[in-house]
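Work through the following exercises with the sequence and the structure open beside the text. Each one sets a task and then gives a solution in steps.

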Protein chains: 2
Amino acid sequence: MNPKLDDLRRRLCEVGDLRAAACVLHWDQTTYMPPKGAVSRGRHIATLERLAHAAFTDAAIGTLLDDLQPHADSLPPEHPDAALIRVARRDYERDVRVPADFAAELEEHAAASYAAWIKARPANDFAAVRPVLERTLDLSRQLSNFTPNARHVADPLIDRQDPGMTASEISALFAELRARLVPLLRRIAAAGGNDDSAVRRHFPISAQRDFARRVVALMGFDFERGRIDDTAHPFMTTFASDDVRITVRADEHFLGEHLFSAMHEAGHALYELGVDPVFEGTPLGDGASNGMHESQSRLWENFVGRGRDFWEGQFAHLQATFPDQLGTVPLDDFYPAINYVQPSLIRTDADEVTYNLHVMLRFDLELQLLDGRLAVRDLPEAWRARYVSDLGVEPPDDRDGVLQDVHWFHGTVGGAFQGYTLGNLISAQVFAAARRALPDLPERIRRGDLATLLDWLRHSIYRHGRVFTAAELVQRVTGAPIGVDALMHHLSRKYGEIYGLD
Amino acid sequence: MNPKLDDLRRRLCEVGDLRAAACVLHWDQTTYMPPKGAVSRGRHIATLERLAHAAFTDAAIGTLLDDLQPHADSLPPEHPDAALIRVARRDYERDVRVPADFAAELEEHAAASYAAWIKARPANDFAAVRPVLERTLDLSRQLSNFTPNARHVADPLIDRQDPGMTASEISALFAELRARLVPLLRRIAAAGGNDDSAVRRHFPISAQRDFARRVVALMGFDFERGRIDDTAHPFMTTFASDDVRITVRADEHFLGEHLFSAMHEAGHALYELGVDPVFEGTPLGDGASNGMHESQSRLWENFVGRGRDFWEGQFAHLQATFPDQLGTVPLDDFYPAINYVQPSLIRTDADEVTYNLHVMLRFDLELQLLDGRLAVRDLPEAWRARYVSDLGVEPPDDRDGVLQDVHWFHGTVGGAFQGYTLGNLISAQVFAAARRALPDLPERIRRGDLATLLDWLRHSIYRHGRVFTAAELVQRVTGAPIGVDALMHHLSRKYGEIYGLD
């Protein structure tokens, strides 16, 4: 019908196919690849990404986008053609400014810094990665500078992960959240009287796996359209609208690890599986932003999986799976155990209350590094100081301090962390909206009916892919902008009950 | 040192990376992919192959090859530079003649005909695929016609799999083999008195798997550089010089299925893992031909794995693995059971004696189809007639007759089958040469020392990759051209003993 639109779609699909192939190669690398395959695998992925970048920044795409702009302008913004042209142009204008040589240099440095980090972390050797991180910071600033007129040097980097968001807007949200979270945490700590010993027993992994598959199926994950595999650092990756892969890990001495990582990654997967399949292979066939994506993993993990309603229906099944470990444990002990709050050193092990404190201090440190208020050499000390002031714990070393996360050592400094907390804020807002829209939702969840919630999320969020931004979606779905109230309301109420706060 | 050679290498490596990625996607498709991922996966692989074809047939590569010819001419032909330029030119001149549109049409037709075959085979419905196969034949002839001056229409198709071989040369070899094989088979059938009941008991698959892994490790397969996974139709695929994947299947009621398919595919893998790593990512980093590759899978499967010497050392381990099934079975019963000769309908189930009869009749039918002596509508009847005349069995239907193999329904008619029998011929010649070079080889195999054989094969064959053709390699290693004597000598001696022929 429109040959230029067809040509655009064909070219974008080629880019999408190359990126999907890179995802398959990366998934295999972290699940099944024999160890010595790593060197060639890095080259294969780099080649695919280089060709995808070259194909996407081809001048012909710019010309097509220019020629198609009048068509887009003639349509309502949520029309799929208009959205495709708008989102593709957004990505195109961002990527075309980055010279291919620079992109290749960044890619190469990311691989080298990852290799350095893999050695330095177990050796507790920040000095070994300091020059690498200084170079990362320099390259991150250069990458930012390709975008003209940024208010803060972090803004273009944030925008790559959470389109439309800025450092100043996020800083304001985070300042409010921290101001309300720290007192809550103090009250919980003062109350005490809880622990997670009920879920820290020996739980054979094959039984954990069976139970998690049952839960993930209950969530609506379709094993004809995806699968679950083991890996060291769990993630979700999408190869196609009908092929989404979850990866998880298990700890035979801790029930929470496998089950909640499976629910978390399945939440991401349900989002991807719910995107309108007509968007497949185009820039619209993805989640709206990092934060929006994380909101869905956290909604399923925390608002369903760590909720009392869910376990009212499922705890008997869990007890039947682990009769020796849980047969005599009452739900009243199990529910606090999976919601045990304890300030700790490691972000990925953190509970629902303290998690955002980990994220927000990283975000602040990123901004300070990028705008020059903090030097890389002073980072370990700044990290330690923030853990003491925000969480009340002091890292004994850099291994479990500033070296714990891969993010700064496998890409850029800037933009990698804010999505986690934006996701938590949005998850609370969206779940509250779902409860308003579905008055019997708690009862349905107690009955094990998660399909109603999934349908509502698909209809409200998932199907739209990238047609709307995260801010637009939150406004549409909840009637309010992204904010702190819903999360604080949820945390105060839930942990007020568990810890008997007044 | 030589910027044009560096540029050529860089371009060839990009092509190699795209093809390696396609191999990963195909491997995943047949091992782990959820069923509904198939449609998108086909598109991803087609995109990678299209881009690889376009990159390889870029005129710049032709110019580089022309410019580098004087360099190649100044070197001995086995010099890596000379070999690279020669082999790359050979492939380039073959592929550049095929228009991209035609290649895409062929690819699309292959996918469609595979989809048709997948339905038609279980339905025993040759009529459903007849028009598809007629189109395949037409496209195969067109593909052949892009090569000027072929003596037989099949020659360019054979040359793609077994470079340098021709229909007339292969027909002469096969005629001699059939003339000597059919009388041997008649004598074996007349002797009788053997069966495979000892290996047709219940063998739990996990124990089969453990035993096969032990054998494959004994062969020298390095699990740091490869792995074994399950699939429906076993194959080997190479992602890199340090990442080679074997796929196998198992039958809990037949011990031969898993073990010998693992040894077969591991033979292919040892070849790939033995290629000089400096050839990785270039056209030299592969086996010399289909036939040469198959010679190595068959050497390890038949000359080691179905040999008496191997089991003198390993049978006690097998008995310990399956004490209930094999504890009281003497080796004198086990060895004939794994070498039970019985004419049957299905090529992939055939024993060492009858296997080549299956292959050769397919090869003859391919030639007749291609040169017009046989029409597709008459193919099922021609197939039946050849099974009766060559193997003495009559297919009851097309499902286990002409529809049994995927080859004609997933590519071209022509070139797909001869490599199996060429491989058997070469395997016998190479193993005889190894025995001459390593006088204590039988004793070493009895001791479980397979490393000496592997080292000799690596040195004689594997390391060379595609530097030499199969014919050149056979001449270098055995002192003779590819011929029938070694295989017939082996079969007559081995099965003469087993069946008590005089």
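**Exercise 1.** Describe how helix H15 (residues 355-370) of chain B and helix H16 (residues 379-391) of chain B pack, giving angle, distance, handedness and contact residues.

*Solution.* The model is a predicted one. Two packed helices are described by the angle between their axes and by the distance between those axes. Here H15 and H16 of chain B pack at an angle of about 145 degrees, and their axes are 10 Å apart. The next step is the sense of the crossing, which for H15(B) and H16(B) is right-handed. Turning to the residues, H15(B) brings B:Leu357, B:Leu361, B:Leu365 and B:Leu369, and these meet B:Leu379, B:Ala382, B:Trp383, B:Arg386, B:Asp390 and B:Leu391 in H16(B). Sorted by class, this contact of H15(B) with H16(B) has 8 nonpolar, no polar and 2 charged residues.

**Exercise 2.** Find the span of helix H4 (residues 80-96) of chain B, and state where its buried residues pack.

*Solution.* H4(B) has 17 residues, and from its first C-alpha to its last it reaches 23 Å, close to the 24 Å expected at 1.5 Å a residue. The residues of H4(B) that are buried are B:Ala83, B:Leu84, B:Ile85, B:Val87 and B:Ala88. These buried residues of H4(B) pack against H1 and H3 of chain B.

**Exercise 3.** Is A:Ile61 buried or exposed, and which residues does A:Ile61 touch?

*Solution.* Start with the place of A:Ile61, which is found in helix H3 (residues 59-73) of chain A. A residue counts as buried if 20 or more other C-beta atoms lie within 10 Å of its own. Because A:Ile61 has 22 C-beta neighbours inside 10 Å, A:Ile61 counts as buried. Not counting residues up to four places away in sequence, A:Ile61 touches A:Leu8, A:Arg11, A:Phe56 and A:Tyr92.

**Exercise 4.** Describe the contact between chain B and chain A, and find the relation between the two copies.

*Solution.* The contact takes 30 residues from chain B and 30 residues from chain A. On the side of chain B that touches chain A, H1, helix H2 (38-56), strand E1 (226-230) and strand E2 (236-240) each supply at least two residues. By class, that side of chain B has 13 nonpolar, 5 polar and 12 charged residues. Next, chain B can be laid on chain A with an RMSD of 0.0 Å by a turn of 180 degrees and a shift of 0.0 Å along the axis. That is the relation of a two-fold axis. Of the residues of chain B, B:Ala21 comes closest to the rotation axis, with its C-alpha at 3.4 Å. Finally, 97% of the interface residues of chain B are also interface residues in chain A, so the copies meet through the same surface.

**Exercise 5.** Locate B:Asp242 in chain B, and say which residues B:Asp242 is in contact with.

*Solution.* B:Asp242 has its place in the loop between E2 and strand E3 (243-248) of chain B. With 22 C-beta neighbours inside 10 Å, B:Asp242 counts as buried. Leaving aside neighbours within four places in sequence, B:Asp242 is in contact with A:Lys36, A:Gly37, A:Ser40 and B:Arg225.

**Exercise 6.** What is phi near in B:Asn124 and in B:Asn149?

*Solution.* For B:Asn124, in the loop between helix H5 (100-120) and helix H6 (126-145) of chain B, phi is near 55 degrees, a positive value in a residue other than glycine. B:Asn124 is partly exposed, with 15 other C-beta atoms within 10 Å. For B:Asn149, in the loop between H6 and helix H7 (155-161) of chain B, phi is near 65 degrees, again a positive value in a residue other than glycine. B:Asn149 is exposed, with 6 other C-beta atoms within 10 Å.

Technical notes
Residues numbered from 1 in each chain as written. Chains lettered and ligands numbered in written order. Predicted model: local features only at pLDDT ≥ 70, side-chain atom pairs only at ≥ 80, totals over all residues. Helix = DSSP H or I, 4+ residues; strand = E, 2+ residues; numbered from the N terminus. Expected span 1.5 Å × (residues − 1). Buried ≥ 20, exposed ≤ 12 C-beta atoms within 10 Å, placed from the backbone. Contact = placed C-beta atoms within 7 Å. Nonpolar A, V, L, I, M, F, W, Y, C, P; charged D, E, K, R; others polar. Least-squares fit on C-alpha atoms with pLDDT ≥ 70 in both. Axes fitted to C-alpha atoms, helices over the stretch in contact; angles between N-to-C directions. Left-handed = near helix turned anticlockwise from the far one by under 90°.
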